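I am opening my notebook on a structure that is new to me. I will write down what I looked up, one entry at a time.

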Amino acid sequence: MRRLAHLQARGLKQMATASYFVLAVFLALASYQVIASDPSPLQDFCVADKHSPVKVNGFVCKDPMAVNADDFFKAANLDKPRDTMKSKVGSNVTLINVMQLPGLNTLGISLARIDYAPLGENPPHTHPRATEILTVLEGTLYVGFVTSNPNNTLFAKVLNKGDVFVFPEGLIHFQFNPIHDKPAVAIAALSSQNPGAITIANAVFGSKPPISDDVLAKAFQVEKGTIDWLQAQFWENNHY
C-alpha cells in the first residue's frame with residue numbers, strides 16, 4: 001500500500017511538473033506574439049501627445065478629456081494624384097502614420113498612397129516594423145519580395161487593378177510600373193503606427209558618413225571606383 005501511494009504521489013508530481021512546463025511554454029509563446037508587433041492598447045485609445053517631454057516607446061497619451069474628433073482625422077486628399085516627375089525613381093509615397101495622425105498611437109496600423117510614373121518604381125526597401133498589404137487602384141504593377149538568407153527566394157507577381165499582394169514584415173520588397181505610357185496608383189496598409197522604411201540603395205550608398213568603399217567593394221565584388229561613383233550619386237527619398 002505504501003509503495004502504491006508513493007507511486008501515485010510521484011505520478012501526480014510528474015503530472016504537475018509537466019503541466020507547469022506546458023503552461024510556461026504557452027506563456028512564452030503568448031509573450032512572443034505580444035512583443036512581435038506594436039503593443040496592444042490597454043484603453044480605448046491613446047492619442048499621441050507629441051509635445052510631451054517624456055520619452056517612451058511610441059508616444060505618451062494625450063489627456064483623454066482634451067481629445068476630440070480632429071485627433072482621429074486628417075484631410076489628406078488621398079484621392080488626388082501626387083507629383084512623380086520630381087522623383088528620380090518615378091514614384092511618390094504619401095504615408096499617413098502616427099506623425100500625421102495622432103489618433104493612430106498604439107493602434108498598430110498606418111496607410112500609404114503610392115503614385116507611380118510610367119516606368120516608375122518604389123525601389124527595393126524594407127519596413128523593419130510592419131507587414132504591408134497593397135492593392136492596385138489604377139494601372140499595372142510588377143511587385144515582389146525576397147526571402148532572408150540563405151535562400152533569397154524571389155516571390156513576384158504582375159498585379160492589375162483590384163489585385164492584392166502582401167509583403168511580410170522586414171523583407172526586402174519593391175513595386176514597378178512596367179507600362180511606358182500609363183501611370184499607376186496603389187494603396188498600402190501597414191501593421192504598425194510607425195512602420196519605418198529603409199531604402200536599400202540609399203542606406204548602403206547614401207549613408208552619412210559613408211560606409212568605407214573597401215567594405216562595399218568587397219561586399220559587392222566590384223572595383224572601389226564603382227563604389228565611389230555610386231556613393232557620389234544623389235540618393236533621393238521618395239517619401240513626401
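I began with N152, which is partly exposed, with a relative accessible area of 40%; I use buried for under 20% relative accessible area, exposed for over 50% and partly exposed for values in between, with a 1.4 Å probe and protein chains only. This is a predicted model, in which local features need pLDDT of at least 70 and side-chain atom pairs count only at pLDDT 80 or more, while totals for chains, interfaces and linings use all residues. Residues are numbered from 1 along each chain as its sequence is written, and side-chain values use heavy atoms, with hydrogens and water left out.

**Entry on the loop of N152.** I found N152 in the loop between β5 and β6, where helices (H or I, at least four residues) and strands (E, at least two) are DSSP runs numbered from the N terminus. N152 has a positive phi of about 50 degrees although it is not a glycine.

**Entry on the helix pair.** I looked up α3 (residues 213-220) and α4 (residues 224-231), which pack at an angle of about 115 degrees with their axes 9 Å apart; the axes are lines fitted to C-alpha atoms, for helices over the stretch in contact, and angles run from 0 to 180 degrees between N-to-C directions. That makes α3 roughly perpendicular to α4, a term that covers 65 to 115 degrees. On the α3 side I listed D213, D214, L216, A217 and F220, which meet K224, I227, D228 and Q231 in α4, contact being heavy atoms within 4.5 Å. In the loop between α3 and α4 I found Q221, whose phi is near 55 degrees, a positive value in a residue other than glycine; Q221 is exposed, with a relative accessible area of 65%.

**Entry on T84.** T84 lies in the loop between α1 (2-35) and β1 (91-96), and T84 is buried, with a relative accessible area of 12%. Leaving aside neighbours within four places in sequence, I found T84 in contact with G90, S91, N92, D115, Y116 and A117.

Terms used
Angles under 35 degrees count as roughly parallel, over 145 as roughly antiparallel, 65 to 115 as roughly perpendicular and the rest as oblique.
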